[in-house]
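Thank you all for coming.

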Amino acid sequence: PVTPELLVSPSSQDGELGSECPEDRGNWTGRLDFLLSCIGYCVGLGNVWRFPYRAYTNGGGAFLVPYFIMLAICGIPIFFMELSLGQFSSLGPLAVWKISPLFKGVGMGTILIVSLVAIYYNMIIAYVLFYLFASLTSDLPWQHCGNWWNTDLCLDHHVIKAGNTTFPVNITNTVSPSEEYWSRYVLHIQGSSGIGDPGRIRWNLCLCLLLSWTIVYLCILKGVKSSGKVVYFTATFPYLILVMLLIRGVTLEGAWKGIRFYLTPQFDHLLSSKVWIEAALQIFYSLGVGFGGLLTFASYNTFHQNIYRDTFIVTLGNAITSILAGFAIFSVLGYMSQELGVPVNQVAKAGPGLAFVVYPQAMTMLPLSPFWSFLFFFMLLTLGLDSQFAFMETIVTAVTDEFPYYLRPKKASFSAVICIALFLMGLILTTEGGMYWLVLLDDYSAGFGLMVVVITTCLVVTRVYGMKRFCRDIHMMLGFKPGPYFRACWMVLSPATMMALLVYNIIKYQPSEYGSYRFPTWAEVLGILMGVLSFLMIPLGMVVAVLREEGTLWERVQQASRPAMDWGPSLEENRTGMYVASLAGSQSPKPLMVHMRKYGGITSYENTAIEVDREMEEEEEEESMM
């Protein structure tokens, strides 16, 4: 007998990845596309400029204890949940809320957060491009004092070293050439008196921002088909540069001084709640949960892709990269502290201060300094770009999945519109006071709003949709159910930890500042509104969902919280049990297992479908007897 197309299983498709995915939506063209995209998305700038600093300020080597515990409690389970939701439904962060339309506002909140982050994240890439071009010279421009942007406070360490001074030099009231280059030349921050006075546009920065948006657009032009190929370079090349910087760093004089400072365990720190909160925050932001990127990437997978294995590869790989980056950074900082004759803690910084002031200054002390500087900024560029690809893919996928008939055929044009809009919104960041706006966006766009989004997602999947049903979906997809570890984390540990994070962030709230500049009240209020607006989308979405239903208020809420009729796998051959014949225009009136028994040829995936159906039948019988 001829086997109907409906029953062709993944194992009989000659390894063609595209045949199991919706053609019009697009999908990954190779097995490694998804894995490398996830690695590129998670391994970003934070691994280089936030983790090493967080580690040394929170107990050095002892920080790794809460870090890995929080990875197990918060990171891995939420990561796996997001991948499962995306792969099971083949939908983006907005359309995936067919799982419970009442909570579609969570998806809208996610898109708002990602859009705000994409605006300022690309500005950081623009700064990196600026330094990358500035490194293409025989003498780095931040190497010496005496330029038009330098002040009388500028102190050149090369002059001190050449002079072989026997008396100690007081450097407390001095500024390094690299710091003045960053603040007075690149930012030209002296042209602005504060956030309310942005000053003029810095056209060199504006052109760098335009270039960074152009690169991003060209890489996401054909969706995951193009970005999936670019990540083969952008996700792997940073590791080559990181290893080169690491080898160069540990061979420098005084390197072990910095590494000892970075890793010396101070176990008394473990008694402080702050250290555990910092570890959870590092995991939370470094894995990129809640931003929709993981869900979006997984939605382009085949239905039976082993995301369980991929979860552990990406999360543990991300943690190891952070630790390696710490060695590369602190070995150079140890050398720098020895050269300047100051303790390591006086040169160690986090964030832009490390990337654009301290590390560039350290590069000037090395032979072939332009070469090492170029390598460092090229590494930052590749680290930043693949995270930005994910943000843009998330926005574009979310909206095109909502309006597939109108936007999918014009995805390239729609992507261009989004890139142009975000570029125009980011122009204020290229002004002389742009750094103040960047700090405001960084502090508030993905703060407590993001945590509320992730907590709500976790609670809706486990409580509203149902843990048993979610585990059954994963069983259908992967051939096995998640174990007690995942179920315990999803039900209790992960949401409880994130709620503790949220409460801690609210209690320990501190107004934004940049150096000695304190933000005015109106700027603080604007920042808080930015954070609040993302989770206000949740009640707004609830109101819209309830108004669309009929009946009493309670009946409307119940109807809106149930999965939509077409919720489930996107292809008919993957829909078994309760999902059979629920697609519009479905040609399968009977349960799929009946068809399989009739035509034969049961594979491992079809076996799983039969098991799932049998389980559901038994549960229905039990319920009817009760």
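Ser 331 counts as buried, at 0% relative accessibility, where buried means under 20% relative accessible area, exposed over 50%, and partly exposed in between, with a 1.4 Å probe and protein chains only. Residues are numbered from 1 along each chain as its sequence is written, and side-chain values use heavy atoms, with hydrogens and water left out.

Ser 331 lies in helix 14; helices here are DSSP runs of H or I with at least four residues, strands are runs of E with at least two, and both are numbered from the N terminus. A polar atom of the Ser 331 side chain lies 2.9 Å from the backbone oxygen of Phe 327. If we set aside neighbours within four places in sequence, Ser 331 is in contact with Gly 249, Val 250, Ala 255 and Ile 259, contact meaning heavy atoms within 4.5 Å.

Helix 14, which runs over residues 307–340, also holds Asn 318, and that residue brings us to the annotated site. The UniProt annotation "binding site", from an unreviewed entry, covers Gly 40, Val 43, Asn 47, Ser 286, Asn 318, Leu 383, Asp 386 and Ser 387. These residues span 348 residues in sequence, yet no two of their C-alpha atoms are more than 14.0 Å apart, so they gather at one spot. Please keep in mind that UniProt positions are given in the numbering used here, that feature names are shortened, and that annotations may be inferred rather than shown by experiment.

Is Asn 318 buried or exposed? Asn 318 is buried, with a relative accessible area of 1%, and its contacts beyond four places in sequence are Cys 42, Val 43, Asn 47, Tyr 67, Ser 286 and Leu 287. Asp 386, in helix 17 (residues 369–402), is likewise counted as buried, at 2% relative accessibility. Its contacts, again leaving aside neighbours within four places, include Gly 40, Val 43 and Thr 234, and a polar atom of the Asp 386 side chain lies 3.5 Å from the backbone nitrogen of Ala 235.

Turning to the whole chain, the secondary structure comes to 26 helices and two strands, and 57% of the 626 residues count as buried.

Finally, a word on confidence. The chain averages a pLDDT of 86, and 87% of the residues score at least 70, pLDDT being the predictor's confidence in each residue, from 0 to 100. The pLDDT stays under 50 over residues 1–23, and it is below 50 over residues 586–603 as well. Where pLDDT is low, the predicted coordinates should not be read in detail.

How values were computed: Predicted model: local features only at pLDDT ≥ 70, side-chain atom pairs only at ≥ 80, totals over all residues. Polar contact = N/O pair within 3.5 Å; in protein donor to acceptor, adjacent residues only side chain to side chain.
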